[in-house]
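Biologist: Could you take me through the enclosed space in this model, and then through one of the helices?

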Amino acid sequence: MATLLRKIGLIRLHNRDTEDPKHHHHHLPRGSFPQGSSLRGGGGSGGKGQPKNKPPPPPPALQGTPARGYASPAKESAGGGSRGSSPLARHKARRGSGPEPARKMPPAAKEASSGGVRGAGPGPALALVAAGRQAHCTQVRTRRLMKELQDIARLSDRFISVELVDESLFDWNVKLHQVDKDSVLWQDMKETNTEFILLNLTFPDNFPFAPPFMRVLSPRLENGYVLDGGAICMELLTPRGWSSAYTVEAVMRQFAASLVKGQGRICRKAGKSKKSFSRKEAEATFKSLVKTHEKYGWVTPPVSDG
């Protein structure tokens, strides 16, 4: 009986193994695989959700994140090279793969592009201010000189007369017709048939707040505070002694008085009397005498001299 039961169990076990494909692989030799089975963790060909004859999946190294030392083609093209390449190669690849990053502009270039280099000159705002100031000074100077011309034309004693140089309102030739008739200078003028002493006045941009430059043109004078080139030594003609209240008429009367006080004479020496004064020499002489008087002061004449 026991032998019979063993035989029946063996027959059932044999039938179950032959009929159920799920247990076929238990009887296969090691290293062999049934057709349609998966490599790892898969069921048989009759498993749920597994199609028959499915191709084997890729190796684990190609699934998910690449293994170290391996870069996918997409990442190589985006990153400019594999991780194992040299820094120089990666740098060149990055430069060639996309736009170059913006570089910082140096300070000098920023200042030049903004319209002003430090130390080279003024900006647009300062230029506009300077132009407005220049226009205002020109307007003030023009009004003042026009008034001066009108006042001189109304003089009854014809003390002086004015001619514009090249029709310029800012450059005058002034004729001094009269000096003290008791002076030796007046006597010289009569003897030499000199009708007037000719002077030149040029007015700076900031007149009447700065003095004009004044010099003698003819005749050639000696003494009377007239120096080389026809420069005139008078404190009121310097920036320190000038006042905007002084008029051209007042300056000329002061000059006529200083000629007599300094015993000015018309030069009669042969060869020297015909030599004319020059502006360049007069400017150099006046600049030198101004420096001298700023250092040592101006000499105040005695009260007896008036």
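Biologist: By class, how many nonpolar, polar and charged residues has the lining of the second largest cavity?

Modeller: Keep in mind that this is a predicted model. The second largest cavity is lined by L201, F203, F207, P212, W242, Y246, T247, V248 and V251. Sorted by class, that lining comes to 8 nonpolar, 1 polar and no charged residues.

Biologist: What volume does the largest cavity have, and which residues line the largest cavity?

Modeller: The count comes to 2 cavities of 30 Å³ or more, and about 30 Å³ of space lies in the second largest cavity. The largest cavity has a lining with 3 nonpolar, 1 polar and 2 charged residues. Its volume is about 40 Å³, and the residues that line the largest cavity are T238, P239, R240, V290, E294 and W298.

Biologist: Where do the buried residues of helix 7 fall when seen down its axis?

Modeller: Helix 7 covers residues 248-261, and its 14 residues reach 20 Å from the first C-alpha to the last, close to the 20 Å expected at 1.5 Å a residue. Buried here means under 20% relative accessible area, and in helix 7 this holds for V248, V251, M252, F255, A256, S258 and L259. Seen down the axis, these buried residues fall within an arc of 165°, so what they line is one face of the helix.

Biologist: Which residue with a positive phi follows helix 7?

Modeller: Helix 7 consists of residues 248-261. The residue that follows helix 7 with a positive phi, near 55°, is Q263.

Conventions
Residues are numbered from 1 along each chain as its sequence is written. This is a predicted model: local features need pLDDT of at least 70, side-chain atom pairs count only at pLDDT 80 or more; totals for chains, interfaces and linings use all residues. Side-chain values use heavy atoms; hydrogens and water are left out. On a 1 Å grid over the protein atoms alone, a cavity is a set of points where a 1.4 Å probe fits but cannot get out, and a pocket is an open set with protein on both sides within 12 Å along at least five of seven lines; lining residues have an atom within 4 Å of a point. Grid points are joined across faces, edges and corners, and a volume is the space filled by probe spheres set on the points. Ala, Val, Leu, Ile, Met, Phe, Trp, Tyr, Cys and Pro count as nonpolar, Asp, Glu, Lys and Arg as charged, and the others, Gly among them, as polar. Helices (H or I, at least four residues) and strands (E, at least two) are DSSP runs, numbered from the N terminus. The expected span of a helix is 1.5 Å times one less than its number of residues. Buried means under 20% relative accessible area, exposed over 50%, partly exposed in between (1.4 Å probe, protein chains only). The arc is that of the directions from the helix axis to the C-beta atoms.
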